[in-house]
Amino acid sequence: MFGYEHDEELLTEVEDLRERIRELEAEHARGLRLDSVTGLLSARALRGCLAEECERAQRYRRPLCVAVLAVDDFEDLELRHGFKAGDDLVSAVADRLRASTRSHDVLGRTGGIAEFAVLLPDTDAEAALPGLERLLVDLELTGEGTMRAAGASMGIAALQRGMSAEVLLASARHALGESRATGGGRATVAAQGDAIIDPTKAPQREAIEALAVALLERDRYTGEHSEAVIEMAVSVARTLGCDAVEVERVRSAAILHDIGKVAIPDEILHKPGPLNDEEWQLMRQHPVIGERILRVLPGLGAVARMVRHEHERWDGGGYPDGLSGVEIPFGSRVILAADAYHAITSDRPYRAAKSHEHAVEELTRCSGTQFDPDVTAALIVHLGGRRQSGVISA
Ligand SMILES: [Fe+2]
Ligand SMILES: [Fe+2]
């Protein structure tokens with residue numbers, strides 16, 4: 001039997017053990033939240049913080065900015081100097097980040113190789129840029145031993161109304177990709193209009209659909225023509241290797257490419273014959289008017305640009321800006337070719353529809369002058385497939 005004193009000792013010992021277990025549990029939880037090399041938030045914890053910050057910023061209409069930065073050519077450096085030196089460099093970069101940011105900024109890893117994120121609450125891109133650019137200069141002076149003076153690149157994105165945390169982070173990473181593609185060692189701010197379109201975001205899709213209905217009500221032919229162009233444009237974009245986001249942009253631009261025609265007077269829009277010079281001048285303004293309409297909608301900047309240039313020719317002879325070749329946004333080149341095919345094979349007040357063969361001949365004849373040759377080839381392949389499956393009868 002234990003005496004009274006023994007019971008006391010045992011109880012103290014149990015209490016100590018409990019305390020130790022609590023400490024170990026807390027340590028484990030901290031370990032899950034923190035990156036083991038740098039002590040910054042782990043990628044998972046960072047995403048959680050980002051979601052919370054986005055929610056707060058949207059609710060109180062406060063600005064929020066995200067910067068993603070990465071050590072340039074890190075894999076090369078690691079290959080030459082070893083994993084240990086790589087870890088030391090990453091940890092030195094983290095120290096520099098801690099020293100150069102404000103106490104309420106949030107620092108973490110992103111999951112990318114030698115990649116970090118800085119969340120800057122209550123800060124817009126313009127205010128954040130000078131400090132972040134200075135940070136890049138500082139980082140060039142950072143490094144460990146032989147890996148000293150490694151450069152870094154950065155992408156910055158500001159939260160926009162209705163934007164999700166995922167899209168914000170993706171926009172910043174996209175801008176980082178641009179910094180790297182243009183030589184590295186620099187910061188790129190994601191242009192407001194260039195925000196990655198979130199295809200699941202309903203308000204934008206609703207706005208696009210509402211505009212498409214407005215166009216259909218204004219001019220049935222143009223509305224139906226736009227619908228017909230979508231399928232061809234999307235198929236060509238996919239064939240030529242566009243990712244899902246770019247395909248979505250091309251789809252939106254295809255349905256809205258002639259939205260500017262809502263501002264063209266009826267007597268020109270519905271004229272049962274060819275237009276005179278003066279009327280053409282007005283008609284040729286529809287891509288610019290279309291761009292203006294779309295610029296009003298947040299997140300549609302890239303789509304607006306495609307719409308502005310939907311009548312530029314590959315050889316530079318188009319309008320409104322006379323761009324040529326790859327200067328013309330890809331989506332605009334796709335829409336021009338798909339648009340031509342549909343226009344040729346449709347009945348118009350002043351001429352009858354031409355056959356599928358005739359339209360393909362036209363596309364082939366004008367490939368390399370009016371149309372992008374790659375786009376023309378992909379479109380003809382798509383049309384061939386549709387014909388075989390009986391969709392096109394002419
Ligand atoms: Fe047009
Ligand atoms: Fe058109």
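I call a residue buried when its relative accessible area is under 20%, exposed when that area is over 50%, and partly exposed in between, using a 1.4 Å probe and protein chains only. By this rule D258, at 2% relative accessibility, counts as buried.

**Conventions.** I am reading a predicted model, in which local features need pLDDT of at least 70 and side-chain atom pairs count only at pLDDT 80 or more, while totals for chains, interfaces and linings use all residues. Residues are numbered from 1 along each chain as its sequence is written, chains are lettered from A and ligands numbered from 1 in the order in which they are written, and side-chain values use heavy atoms, with hydrogens and water left out.

**Domains.** I noted two domains, domain 1 (43–194) and domain 2 (202–388); their bounds come from an automatic or database domain assignment. Their centres, taken over C-alpha atoms, are separated by 38 Å.

**Iron ion (ligand 1).** I looked up the donors, that is, N, O and S atoms within 2.8 Å of the metal (3.2 Å for Na, K and Ca); water is not among the atoms, so sites may look incomplete. D258 (OD), H286 (NE2), E310 (OE) and H311 (NE2) coordinate the iron ion (ligand 1) at 2.1 to 2.3 Å. Helices (H or I, at least four residues) and strands (E, at least two) are DSSP runs, numbered from the N terminus. E310 is buried, because its relative accessible area is 1%.

I then checked the geometry. Four donors count as tetrahedral if all angles lie between 85 and 135 degrees; four count as square planar and six as octahedral if opposite donors are over 155 degrees apart and all others between 65 and 115; anything else is irregular. The four donor atoms of the iron ion (ligand 1) subtend angles of 82 to 176°, so the arrangement is irregular.

**Iron ion (ligand 2).** Here I found H225 (NE2), H257 (NE2), D258 (OD) and D339 (OD) as protein donors, lying 1.9 to 2.4 Å from the ion. The arrangement around the iron ion (ligand 2) is also irregular, because the angles of its four donor atoms run from 78 to 171°. D258 coordinates both iron ions, which are 3.6 Å apart. I noted that H225 and H257 are both buried.

**Helix α3.** In α3 (residues 74–81) I found F74, L77 and E78 buried. They lie on the same side of α3 because they cover an arc of only 95° around the axis, the arc being that of the directions from the helix axis to the C-beta atoms. E75, L79 and R80, on the other side of α3, are exposed. The cover over the buried residues includes β1 (64–71) and α4 (83–100). Just after α3, I noted a positive phi of about 100° at G82.

**Residue D35.** I located D35 in the loop between α1 (4–33) and α2 (43–60). D35 is buried, because its relative accessible area is 17%. Its side chain makes a polar contact with the side chain of T38 (2.5 Å). A polar contact is a pair of N or O atoms within 3.5 Å; within protein, one must be able to donate a hydrogen and the other to accept it, and residues adjacent in sequence count only if both atoms are side-chain atoms. Not counting residues up to four places away in sequence, D35 touches L40, L41, S42 and R109, where contact means heavy atoms within 4.5 Å.
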